[in-house]
Amino acid sequence: MATSAKKIVTQVKLQIPGGKATPASLGSALGPHGVNMVNFTKEFNDRTKNDIDTIIPVVITIYADRSFEFVTKTPPAAVLIKKACGLEKGSAVPNKSKVAEITRGQLKAIAEQKLPDLTAATLDAAVSMVAGTARSMGVTIKA
């Protein structure tokens, strides 16, 4: 192990609307670890300014010296499906009540965007995963 390696204290996983992080909204999650929330919110909002209001998962690694690094992930599949279909929320009873339709092309586009964060080995497997999420939200898949 290199002597210049920093000691990791913890990792915090959050889902924050892109471009809308505020120190007040993150206080309870990051405050106990002594992270400079103004610096974090400024960096996060700069990095996500093109995805305003889209939920962005973020993994924040906090070090012993109170410095931090973070990695943003792609938005959850459900968020992307709702955006593609223009939905406010999915169906409460997806097996009975269908709320929208989505095309195979839209599923493929979402799967391509999500691929880096999925465990799928192929694009077809990723499309299948996204289709399952869509079905669980009461969204019908058009052939």
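This is a predicted model: local features need pLDDT of at least 70, side-chain atom pairs count only at pLDDT 80 or more; totals for chains, interfaces and linings use all residues.
Q: In what order do the three strands of the open sheet lie, and how are they paired?
A: The order is S1-S2-S3, with antiparallel pairing. Strand S1 (8-17) and strand S3 (68-72) stand at the edges with a single partner strand each, so one side of each has no neighbour in the sheet. From one strand to the next, the twist averages 20°.

Q: How many bridges join strand S2 to S3?
A: Five bridges join S2 (residues 55-63) to S3, and the two run antiparallel. Val 58 stands opposite Thr 72 in S3.

Q: Which strands does helix H1 touch where it packs on the sheet?
A: Helix H1 (residues 23-30) touches S1 and S2. The direction of H1 makes about 145° with that of S1.

Q: Which side chains along strand S4 are buried?
A: The side chains of S4 (residues 100-103) alternate.

Q: Do S4 and strand S5 run parallel or antiparallel?
A: They run parallel, and four bridges join S4 to S5 (residues 139-142). In this pairing, Glu 101 stands opposite Thr 140 in S5.

Q: Is Asn 45 buried or exposed?
A: Buried means under 20% relative accessible area. Asn 45 has 18%, so Asn 45 counts as buried. Asn 45 is found in helix H2 (residues 37-47).

Q: Which residues is Asn 45 in contact with, leaving aside neighbours within four places in sequence?
A: The contacts of Asn 45 are then Gly 19, Lys 20 and Ala 21.

How values were computed. Residues are numbered from 1 along each chain as its sequence is written. Side-chain values use heavy atoms; hydrogens and water are left out. Two strands pair if DSSP finds at least two bridges between them. Axes are lines fitted to C-alpha atoms, for helices over the stretch in contact, and angles run from 0 to 180 degrees between N-to-C directions. Contact means heavy atoms within 4.5 Å. Buried means under 20% relative accessible area, exposed over 50%, partly exposed in between (1.4 Å probe, protein chains only).
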